[in-house]
Structures are given as structure tokens and as C-alpha cells.
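This briefing goes through one structure by topic. Keep the sequence and the 3D view open while reading.

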Amino acid sequence: MTRAYRLHGLKLDSDFDLPALPSWDGPMELASDIAIRRGTVAPRLDRADHVAPLFQTRGGGEYLLALPGTGRILVRNGSAVTVEPDSDADEMTTSAILTGPIQGVLWHQRGLLPLHAAVVLIDGRAVALCGHAAAGKSTLAAMLAARGCAVIADDICLIDGRDRDQVSVVPGGARLRMWRDALDHIGRDASALERALSEQEAYFLDCNGPVSSERHKLAAALIISRWTIGTVGLKRIHGVWAVATLERFIHMRRPAAALGRAPHIFADLTRLASSGATVWRLRVPEGAACLDEAAATIPTVLEA
Amino acid sequence: MAGIWWLASYPKSGNTWLRAVIASLVSGRAADINSLDVLGSNAIYRFGFDDGLGIESAALSFEQVTNLRPRAYEVWAAEAAEPIYCKTHDAYRATPAGEPLFPAAATRGAVYVVRDPRAVAVSFSHHSARPLDETIARMDDPHAVFGRAAGQLYQQIHEQLYRWSDHVESWLAAPFPVHVLRFEDMHADPAGAFAGVARFLGLPCDPERIALAVESTAFFRLQAQERATGFREKPYKAEAFFREGSVEGWRRVLTAEQATRIAAAHGAVMQRLGYDLRLAPSGEASDAEQRPAAHLTA
């Protein structure tokens with residue numbers, strides 16, 4: 001059965017359950033922007049111009065992921081995804097791969113810029129919480145939601161820089177994927193939530209109601225640094241260092257480079273930095289108290 | 001290809017000390033405990049895995065991640081301009097898919113640091129903030145893992161330790177050059193031990209450089225650095241990373257029964273490495289034999 005979802009404003013039809021995404025709430029007769037179909041996928045791309053251990057690309061429009069234990073996934077031109085699952089594939093893993101790495105590839109192919117970040121609205125202004133896996137992006141977003149902020153994206157902050165005069169954040173959804181320890185910390189009962197992964201205790205947490213499709217100017221991007229010592233702290237990063245730092249937080253940056261996106265990414269990040277978005281390093285040492293302090297500190301970036 | 005030198009050990013056996021020594025040997029400067037990653041990535045650094053392969057490990061099963069680790073190491077090795085030094089606490093082992101976790105094609109060799117398991121038990125117990133008896137049992141658990149919990153996502157990928165003896169034997173049998181370094185020898189003759197490491201790794205081993213490595217990595221200096229600036233690799237629950245670093249301190253902490261239990265479980269490998277199984281080194285009754293220690297015995 002095909003389901004329809006809203007993916008950062010686009011209509012996505014999928015043969016696979018994608019519980020991370022909000023259901024499509026627009027006209028059902030609308031043609032899909034992106035289709036994920038079950039089908040046969042060749043083990044390699046014909047005349048691939050980049051071959052890595054897990055993926056291959058040809059030009060800017062073809063990407064093949066061959067992931068043992070999950071299957072083969074072909075992504076074409078930012079709109080057509082074909083999945084041939086392995087016989088032992090786990091449905092939740094497949095779903096997480098489609099809404100994670102494959103989503104990133106779709107955006108790169110469509111010429112948009114996905115940052116590895118959650119996005120919250122603080123007093124109506126968009127703030128991206130950037131970080132690698134396990135940095136605490138979703139946890140901090142949930143903590144800010146508890147303080148009255150609205151979550152508008154988890155894990156991918158989608159930047160549209162195609163209009164040179166207006167770099168904007170395209171909102172996603174308010175559903176966060178969180179591990180049990182983080183839910184414990186914010187006082188949410190994991191047993192009442194929908195499971196996000198089979199083997200690991202990760203769950204979906206809905207923070208607020210449906211997210212409006214209104215785009216936002218990015219006010220600030222915070223790089224969450226957990227590999228740190230000392231106390232919670234914020235430090236502004238300026239100019240070329242801001243661009244270079246954000247580049248490390250491009251979602252799926254290696255596939256993006258193989259798809260020929262590197263020069264475009266640099267141009268988009270430069271425009272983003274010069275559009276008024278401030279960039280900060282947020283130092284968050286280990287420990288629950290530091291997370292609490294960090295959540296209280298984040299809104300101060302808007303005073304700069 | 002520059003390739004990877006594995007810096008391998010069971011936890012709390014002197015791996016960080018070794019990394020500080022190598023950092024000093026490579027750079028010709030005094031070691032800085034918070035800049036050890038200049039040597040290369042930790043073998044289980046999650047971002048290194050994700051970025052190297054262009055995937056998200058958080059979405060994958062534990063088995064998928066382990067099966068893909070050799071591919072990540074091949075990428076790291078292929079892209080390194082200089083040899084890289086990767087810390088690991090994994091046993092040398094096969095992935096569930098049946099290939100070596102540490103692929104020979106990406107490997108230059110390994111330095112394996114080993115420490116008397118009685119001292120490891122005491123240090124590991126403090127490091128993990130777990131009781132000694134539980135730690136001793138963990139060191140004898142063939143399924144022991146490090147850094148894996150279903151309800152928490154770590155910045156590091158989990159490691160498989162096995163039993164302490166099996167860990168040691170796995171690395172001694174690895175199919176590439178392995179330089180075995182006893183923690184106790186690093187203590188007794190640091191200059192000789194570090195020069196041996198430098199020769200094995202093809203690093204400068206002139207007396208001045210060795211002397212700098214010895215001087216700047218003396219335990220009290222590493223301890224002082226941690227007190228002054230903190231150490232970002234210290235587990236949140238541990239009081240200090242560089243705690244005591246002693247060779248014989250276990251005699252004050254373990255009960256005779258605990259020490260005997262470790263020797264009974266791992267005696268064959270301990271003897272192979274030259275560790276005296278007797279409780280008292282000179283035939284005298286040790287502190288441990290005279291009084292059971294309540295400390296950390298739960």
C-alpha cells in the first residue's frame with residue numbers, strides 16, 4: 001500500500017512506512033514530488049564515475065546505496081527512489097535509512113542544502129542546532145520545546161539558497177527521534193511512544209502540532225560540541241571560519257561531493273553566513289546538568 | 001598507502017599513556033592530553049565511521065555497524081597522507097560476516113599494551129564506577145562489550161572485549177606485526193620501552209626525543225594536566241582518568257580472594273606475559289592477604 005507524507009513541504013508517496021514523517025495533509029490528487037517504490041535495483045551503476053564502499057554515483061543525478069542487511073536503494077534526480085530490500089531487511093532500519101541518508105541525497109540532487117541539525121523557533125526566529133550523531137540535537141530541541149519553543153525540523157535543517165537574494169529554512173516536522181536516556185532526562189515515558197528502531201531504544205516524540213509551511217530566515221546556527229572539557233559556553237565564529245565549520249555539518253557530505261555539489265555547497269554556505277545568520281560553537285560537557293544549562297543558554301544567541 | 005597503526009589494549013592498560021608517548025615522539029613536543037587526536041581517529045569514533053562511509057550508523061543494527069567497520073578503516077587508510085594511529089579496545093576478531101575487523105590491507109601493524117589484570121581490575125572498576133567484583137566478573141565474561149547500550153546513543157561505536165585472557169591472546173595471534181608492550185616495563189624503564197616503540201613504528205628515537213617523551217608523559221605530569229585543564233576523554237562518572245597509574249597498587253585494594261579469582265581465570269596468559277601469580281612478590285604475606293579491603297567491593 002502506498003502512503004503519502006509531507007517532506008519539507010513536498011508530497012512524498014512511499015511503498016514503505018515512514019513514521020518519522022508527518023502524513024500528507026494537502027490534496028490527495030496532487031501528483032507526488034518524490035516517489036519511493038519497491039522494485040529491482042541493479043547491484044551497480046552503469047558507468048559510475050564515483051565508487052565508494054557503500055555507494056556509487058553517476059553525474060549529479062544518480063546515486064546507488066548498497067547496504068548489506070538492508071538492501072539496494074537507487075535515487076534518481078531528486079525524485080525517484082527504488083528500493084530492493086534484502087530478504088532479512090528490518091523494516092524500521094529501512095525506514096530510518098530512507099528518512100535519513102536517502103533524504104539527504106534527495107536534497108542534494110534537488111540543489112538544496114541539508115545541514116545536520118534540528119531547528120527550533122525561538123520567539124519566532126529559526127535557530128539550527130547542528131551536531132554529529134549523539135551530539136544532543138534532538139534532546140536540546142525537546143528541552144527548548146518544553147520552554148515554549150516550536151520544533152520545525154529534526155536532524156535535517158533544509159536550506160534553500162537557490163534564490164540568491166533570500167536564503168531560507170524550509171520547515172520539516174515536529175517529530176523528534178530520541179533515545180530512552182534522553183527521554184528519561186526530560187521526564188517523558190518512553191513506553192507511551194512509538195518505537196523508531198527495532199534493536200535500539202529510540203522513539204518518536206511529537207513536540208508540537210503541525211508545522212506551518214512558512215519559510216524562515218535562519219537567525220543562528222549553533223555547533224554542538226560534546227567532546228569538550230570545562231563548562232557550558234558559547235563562542236561566536238566569524239567569517240570564513242563560520243563557513244568552514246558549517247561545512248563539516250553538511251548532511252551526507254561525502255555523497256554530496258561525489259554528486260558534484262561541493263562548489264554549490266560552499267556558495268550556499270557563504271550566502272547563508274552573509275545573510276545575517278550568526279554561527280556559534282556551543283560547548284556542552286557530558287552530564288544532564290550541562291544539557292539543562294545549554295538549553296537555557298541557547299536563546300541568548302538571539303541577543304547578539 | 002600510509003595505513004593504520006592500531007594502538008590496542010584492554011581498557012585501563014596504559015593505552016592513553018602510549019598515545020601521549022607517540023604524540024610526543026611524532027611531534028617532538030611535550031604531550032598534551034587534550035590533543036591526542038592529532039595522531040588519528042579513535043577506531044570507534046562514530047562520526048569518522050559515518051563520514052567515511054557516507055551513512056548514518058545510528059540507523060543501523062549493531063551487527064551491520066560491525067560488519068561495515070573494515071570498510072571504514074579501508075577508507076581512512078586510503079585517504080591518509082601520513083600513517084595514522086588508531087586507539088582500540090576491541091579484541092582482534094572477526095566481524096559477524098566473517099572477515100577480520102581490522103583489515104590487513106589497511107594495517108601497518110599494532111602496538112599492544114598489556115597490564116597485570118589485577119591492576120586492570122582496580123583501575124577499570126574506578127573508571128566505570130562499578131564494584132570490583134562486578135568488574136572482575138566482566139573481565140571473565142566472553143561476551144563483554146564496552147560502550148553499548150540499547151537505550152543510549154554514544155558518540156563512539158561499541159567494542160567487543162571478550163575475556164581479558166582472550167583479548168590478549170587475540171592480539172598476540174594477529175596476522176600482522178604486533179609489538180607487545182607491558183605497562184610494567186613502561187614504568188620500570190620508560191626510555192627503553194619508548195625507544196622500542198619508536199623503532200617499531202619507524203619514528204625518531206634519538207635520545208633527546210625519547211627523553212622528552214619520558215619527561216612529558218611522566219604519570220604525575222599527565223595527572224597535573226588533568227587537574228589543571230580536565231581531560232575530555234574522562235568518563236562522566238569517573239572521578240579522574242589519571243588516578244594512580246601504579247604497578248603494585250592492586251595489592252592494597254584487592255582481597256586475597258579477588259586476586260586469587262583473577263589469577264585462576266587468567267593465570268595461563270598472565271604467566272605467559274611474565275606476571276607473578278603469587279599474592280606477595282617476595283614470599284611475604286601481602287596487605288591483601290592480611291586484611292580484606294572493603295573499598296569498592298559492593
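Helix H2 of chain B, residues 46-53, is mostly covered, since eight of its eight residues are buried. The model is a predicted one. The points below begin with this helix, then turn to each chain as a whole, a sheet in chain A, and one glutamate.

**Helix H2 of chain B**

- The buried residues of H2(B) include three glycines and leucines by name, Gly48(B), Gly52(B) and Leu53(B).
- Two phenylalanines, Phe47(B) and Phe49(B), are also among the buried residues of H2(B).
- What do the buried residues of H2(B) pack against? In chain A they pack against strand S5 (55-58) and helix H5 (253-258), and in chain B against helix H3 (62-79).
- Gly54(B) follows H2(B) and has a positive phi, near 70 degrees.

**Chain B as a whole**

- Chain B contains 13 helices and six strands.
- The radius of gyration of chain B is 19 Å, which agrees with the value near 19 Å that a compact globule of 298 residues would have.
- A box of roughly 55 × 45 × 40 Å, taken along the principal axes, holds the C-alpha atoms of chain B.
- Of the 298 residues in chain B, 59% are buried.
- Among contacts in chain B with a separation of 6 or more, 73% are between residues 24 or more positions apart.
- Chain B has an accessible surface of about 11,600 Å², and carbon and sulfur atoms account for 53% of that surface.
- There are 30 positive and 35 negative side chains in chain B, and the centres of these two sets are 2 Å apart.

**Chain A as a whole**

- Chain A contains seven helices and 19 strands.
- How compact is chain A, and why? Its radius of gyration is 19 Å, close to the 19 Å that the globule rule gives for 304 residues, so chain A is as compact as a globular protein of that length.
- The C-alpha trace of chain A spans about 50 × 45 × 40 Å along its principal axes.
- Of the 304 residues in chain A, 57% are buried.
- Among contacts in chain A with a separation of 6 or more, 61% are between residues 24 or more positions apart.
- Chain A has an accessible surface of about 12,500 Å², with 49% of it belonging to carbon and sulfur atoms.
- Chain A carries 33 positive and 34 negative side chains, and the centres of the two sets lie 6 Å apart.

**A sheet in chain A**

- Eight strands of chain A form an open sheet with mixed pairing, in the order S1-S2-S3-S8-S7-S6-S5-S4.
- Strand S1 (3-7) and strand S4 (50-51) of chain A stand at the edges with a single partner strand each, so one side of each has no neighbour in the sheet.
- Within chain A, strand S6 (residues 62-67) and strand S7 (residues 71-76) run antiparallel and are joined by six bridges.
- Which residue in S7(A) is the bridge partner of Tyr63(A)? The partner is Val75(A).

**Glu293 of chain A**

- Glu293(A) is part of helix H7 of chain A, residues 288-297.
- The relative accessible area of Glu293(A) is 41%, which makes this residue partly exposed.
- Glu293(A) and Glu303(A) are ten residues apart in sequence, and their C-alpha atoms are 17 Å apart in space.

Methods:
Residues are numbered from 1 along each chain as its sequence is written. Chains are lettered from A and ligands numbered from 1 in the order in which they are written. This is a predicted model: local features need pLDDT of at least 70, side-chain atom pairs count only at pLDDT 80 or more; totals for chains, interfaces and linings use all residues. Side-chain values use heavy atoms; hydrogens and water are left out. Helices (H or I, at least four residues) and strands (E, at least two) are DSSP runs, numbered from the N terminus. The radius of gyration is taken over C-alpha atoms; the globule rule is 2.2 Å times the number of residues to the power 0.38. Buried means under 20% relative accessible area, exposed over 50%, partly exposed in between (1.4 Å probe, protein chains only). Contact means heavy atoms within 4.5 Å. Accessible areas come from the Shrake-Rupley method with a 1.4 Å probe; for residues, only the protein chains shown count as cover. Lys and Arg count as positive and Asp and Glu as negative; His and the chain ends are not counted. The place of a charge is taken as NZ of Lys, CZ of Arg, CG of Asp or CD of Glu. Two strands pair if DSSP finds at least two bridges between them.
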